[in-house]
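The points run from one chain's fold, through the interface, to individual side-chain pairs.

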Amino acid sequence: MNSVANTIQAVPLNHYILLSAIIFSIGVMGVLLRRNAIVIFMSVELMLNSVNLLLTAFSVYRGDAAGQVFVFFIMALAAAEVAVGLAIIVMIYRNTNSIDINVLNRLKW
Amino acid sequence: MSTFYFIAFLSIFFSILVISAKNPVHSILYLILTFFTFTIHYILMNAQFLAIVNFIVYMGAILVLFLYTLMLINLNKESEPVKPFMVKLAAVFGAGILMVALVSSLKSLGASAPVVLTNPNLGLVKNLGKVLFNEFLLPFEVSSVLLLSAMVGAVLLATKDSKEPKATI
C-alpha cells in the first residue's frame, strides 16, 4: 500500500479543492437543469460525495482521523436520506402518476 | 501523480454524463461509474476504510435502491420531461457562475502544500475504530436512532396509500 500512497505525494491540496468545487457545481447544475425527481436526487448525491472527497483530502492533509469519521457519519446520513426521499418519490408517483417536479409547483393536489 | 489527474478527469466526465443523459437508467449507471472513481480517489489517499464503505454503501446499497425505485416507477411509456431552452440556459449560466466564483476564490489562495500522508495507517480500520468508539461514541449511537427513524418513516410513507382504501372499504 505504500507505493499507492506515494503516488499522491505531489498533488497539491488546491487541486483536490478544485475537483470538489467542479463536481459540486455539476451537481447544482443537475438540480437546476432536470425535471425528473430521481435525477435531481442523484445530483444531490453527487454534491454530497464531492464534499465527502474534500473532507477526506483535508483529513489526510492534516493527519487527523476525525475528518474520515465525519465522512462515515455523512454516509450513514445519506443512506437514511435516500430511503426517506425515495419513499416520498414513490408516494408522489402514486398520487400524480408522474415524477415530473413541475406537477408539484403548487404543492397541493 | 498523473493517476490522480486521470481519475479526476474521469470523475468530471462521468458526472457530466450523469446530468446530461436522457434516459434515467443510463444516468444511474453513469453515477455508479462516478462513485467508482471516487472509491479510487479514496484508495489513492490510503483511506481504505472509506473506500470499502463507499464501495459497499453507495455503489452496493444506495444505487441499487435508486435502480429499484426507477424500475418500480414505470417510465417507459411517457418520455422524459424537458425544460424550455431559456430555463436550461439560465440553469447552466447560474451553475457556471457558481463554478467561476468558487474557482476564482481558490485562485487567490496561491500555491498550496501537497497532500502528504504523514501517518500511513491513518485511514485503516483499526485507527478509525479507535477514534470512532472513543471520541465519537455518542454521535455513533445517535446515528442508530436516525437510521431507525428513517426506516420507520420510509415504511410509513411507502405503505400509506394501501392502508387508506382498506379504511374506506
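1. The model is predicted, and the remarks that follow should be read with that in mind. Chain B is a helical chain, with seven helices and zero strands. Along the sequence, its pattern reads α-α-α-α-α-α-α.

2. Chain B has 169 residues, and buried ones make up 32% of them. Among the contacts in chain B with a separation of 6 or more, 54% are between residues 24 or more positions apart.

3. On the interface: 82 residues of chain B are in contact with 78 residues of chain A. The two chains bury about 7,700 Å² between them, and 76% of that area is on carbon and sulfur atoms. Six helices of chain B, namely α1, α2, α3 (48–72), α4 (85–107), α5 (125–134) and α6 (137–158), each supply at least two residues of the side that touches chain A. Of these, α3 of chain B gives the most, with twelve residues.

4. The class count for the side of chain B that touches chain A is 60 nonpolar, 16 polar and six charged residues. Between chain B and chain A, zero salt bridges are found. Polar contacts do occur there: the count is four residue pairs, both residues at pLDDT 80 or more.

5. Over all chains, the structure holds one salt bridge. The partners are A:D100 and A:R35, whose side chains meet at 2.5 Å, N to O. A:D100 lies in the segment after α4 (66–96) of chain A, whereas A:R35 is in the loop between α2 (13–33) and α3 (37–62) of that chain, so the pair ties together parts that are 65 residues apart in sequence. A:D100 and A:R35 are both buried.

6. B:Y30 has a relative accessible area of 27%, so B:Y30 is partly exposed.

7. A second ring pair is that of B:F35 and B:F38, with the centres 6.4 Å apart and the planes at 80°, so this pair is edge-to-face. Both residues are in helix α2 of chain B; they are three residues apart, which means a separation of about one helical turn. B:F35 is buried, at 0% relative accessibility. B:F38 is buried too, with a relative accessible area of 0%.

8. A last item concerns rings from both chains. A:F72, A:F73, B:F49 and B:F136 are linked by ring pairs into a cluster.

Terms used:
Residues are numbered from 1 along each chain as its sequence is written. Chains are lettered from A and ligands numbered from 1 in the order in which they are written. This is a predicted model: local features need pLDDT of at least 70, side-chain atom pairs count only at pLDDT 80 or more; totals for chains, interfaces and linings use all residues. Side-chain values use heavy atoms; hydrogens and water are left out. Buried means under 20% relative accessible area, exposed over 50%, partly exposed in between (1.4 Å probe, protein chains only). Rings of Phe, Tyr and Trp (its six-membered ring) pair if their centres lie within 6.5 Å; planes under 30 degrees apart count as stacked, over 60 as edge-to-face and the rest as tilted. Helices (H or I, at least four residues) and strands (E, at least two) are DSSP runs, numbered from the N terminus. Contact means heavy atoms within 4.5 Å. Buried area is the accessible area (1.4 Å probe) that two parts lose on being put together, summed over both. A salt bridge is a side-chain nitrogen of Lys or Arg within 4 Å of a carboxyl oxygen of Asp or Glu. A polar contact is a pair of N or O atoms within 3.5 Å; within protein, one must be able to donate a hydrogen and the other to accept it, and residues adjacent in sequence count only if both atoms are side-chain atoms. Ala, Val, Leu, Ile, Met, Phe, Trp, Tyr, Cys and Pro count as nonpolar, Asp, Glu, Lys and Arg as charged, and the others, Gly among them, as polar.
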